[in-house]
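Subject: Model for you to look at

Hello,

Here is the structure I promised. Please open it first, then read my notes below.

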Amino acid sequence: MSTKNRYFFRSKISEARFRALMRCFALDLTATTAAQLTGLSVRSVNAIFLGVRRRMAEECERRSPFHGEVEVDESFFGPWRVRGKRGRGAYKKTIVFGMLKRDDCVYTQIVPNCRAITLQAVIRGHVALDSTILSDCLNSYDGLVDLGYAKHLRIRHSEDHFADGPNHINGIESFWSYAKRRLAEFNGLSKRTFPLHLKECEYRFNHRHEDLYRVILAMLRDHPI
């Protein structure tokens, strides 16, 4: 019987077993549980899961540019508090910048800082000029209209003002909440694997209204691991 696997080149794992493993992945089961259910080693499952996350990250890069109403925001991932360090900063934290197209999908990118030159470069690379950008009042967003964007609306969170009708960034903040809650279940991630786990959160969020198992298989048919 042929063991050819369309989803995983040069693999000794049969397609049927691989599909069972992807169903475990889609259900967000741990590698240990997936290994027990499929009869594979935890090491093999972790390696395959890592390969799937790489394909997800590549797929996420193909989604932009965004058009229409786009919410932008920055967030910090890492320890809740570091002794002796106060204020808005990123000591021992990873800074992630996010953009969310209203009622559609999100895009994230790890950035070294929250300076205007950094954040605006990401926006220019992923958001079309005919878009309306919604943000908080961070100074780094100053000048977006001067760069050619159709409209820029701000929300003043410092005044406990989180929405003014359609003027809000609740969508991207909901994604931050989802991503942090999900990543916390891993009880700590290394800096090497964190970017791929972040992109997995992004991919899952963007396909939240679909059958993730079938979406993953379709992706891997076009781009096997």
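Start with the surface. The chain exposes about 12,700 Å², and carbon and sulfur atoms supply 49% of that area. Accessible areas come from the Shrake-Rupley method with a 1.4 Å probe, and for residues only the protein chains shown count as cover.

A word on the source. This is a predicted model, in which local features need pLDDT of at least 70 and side-chain atom pairs count only at pLDDT 80 or more, while totals for chains, interfaces and linings use all residues. Residues are numbered from 1 along each chain as its sequence is written, and side-chain values use heavy atoms, with hydrogens and water left out.

Overall make-up

The chain has seven helices and seven strands. Helices (H or I, at least four residues) and strands (E, at least two) are DSSP runs, numbered from the N terminus. Along the sequence the pattern reads α-α-α-β-β-β-α-β-β-β-β-α-α-α. Of the 225 residues, 47% count as buried. Buried means under 20% relative accessible area, exposed over 50%, and partly exposed in between (1.4 Å probe, protein chains only). Take the contacts (heavy atoms within 4.5 Å) between residues at least 6 apart in sequence: 56% of them join residues at least 24 apart.

The sheet

Five strands form an open, mixed sheet in the order S3-S2-S1-S4-S5. Strands S3 (106-111) and S5 (151-154) are at the edges with a single partner strand each, so one side of each has no neighbour in the sheet. Neighbouring strands are turned by 25° against each other on average, direction ignored. Axes here are lines fitted to C-alpha atoms, for helices over the stretch in contact, and angles run from 0 to 180 degrees between N-to-C directions.

Helix H6 (194-206) packs on this sheet. H6 touches S1 (69-77), S2 (94-101) and S3, and its direction makes about 165° with that of S3.

Now the pairings. Two strands pair if DSSP finds at least two bridges between them.

- S2 and S3: antiparallel, six bridges. Val 96 has Ile 110 in S3 as its bridge partner.
- S1 and S2: antiparallel, eight bridges. The partner of Val 72 in S2 is Met 99.
- S1 and S4: parallel, three bridges. Val 70 stands opposite Ile 133 in S4.
- S4 (132-135) and S5: parallel, four bridges. Ser 135 stands opposite Arg 154 in S5.

S1 is largely enclosed by the rest of the structure, because eight of its nine residues are buried. S2 and S3 form a hairpin with four residues between them. In that turn, Asp 103 has a positive phi of about 60°.

Between S4 and S5, look at Asp 136 in the loop. Asp 136 counts as buried, at 11% relative accessibility. A polar atom of its side chain lies 3.1 Å from the backbone nitrogen of Leu 138.

The helices

H3 (42-61) has 20 residues. H3 reaches 29 Å from its first C-alpha to its last, close to the 28 Å expected at 1.5 Å a residue. That expected span is 1.5 Å times one less than the number of residues. Its buried residues include Val 45, Phe 49, Arg 53, Arg 55 and Cys 60. The buried residues of H3 pack against H1 (15-26), H2 (31-38), S3, H6 and H7 (212-222).

In H7, the buried residues include Leu 212, Tyr 213, Ile 216 and Leu 220. Their cover includes H1, H3 and H6. At the start of H7, a side-chain oxygen of Asp 211 reaches to within 3.2 Å of the backbone nitrogen of Tyr 213.

Ala 20 sits in H1. Ala 20 is partly exposed, at 34% relative accessible area. The C-alpha atoms of Ala 20 and Tyr 213 are 9.7 Å apart, although 193 residues separate them along the chain.

Two backbone angles to check

Arg 10, in the segment before H1, has a positive phi near 55°. Arg 10 is exposed, with a relative accessible area of 82%. Asp 28, in the loop between H1 and H2, has a positive phi near 65°. Asp 28 is partly exposed, at 34%.

Best wishes

Terms used:
A polar contact is a pair of N or O atoms within 3.5 Å; within protein, one must be able to donate a hydrogen and the other to accept it, and residues adjacent in sequence count only if both atoms are side-chain atoms.
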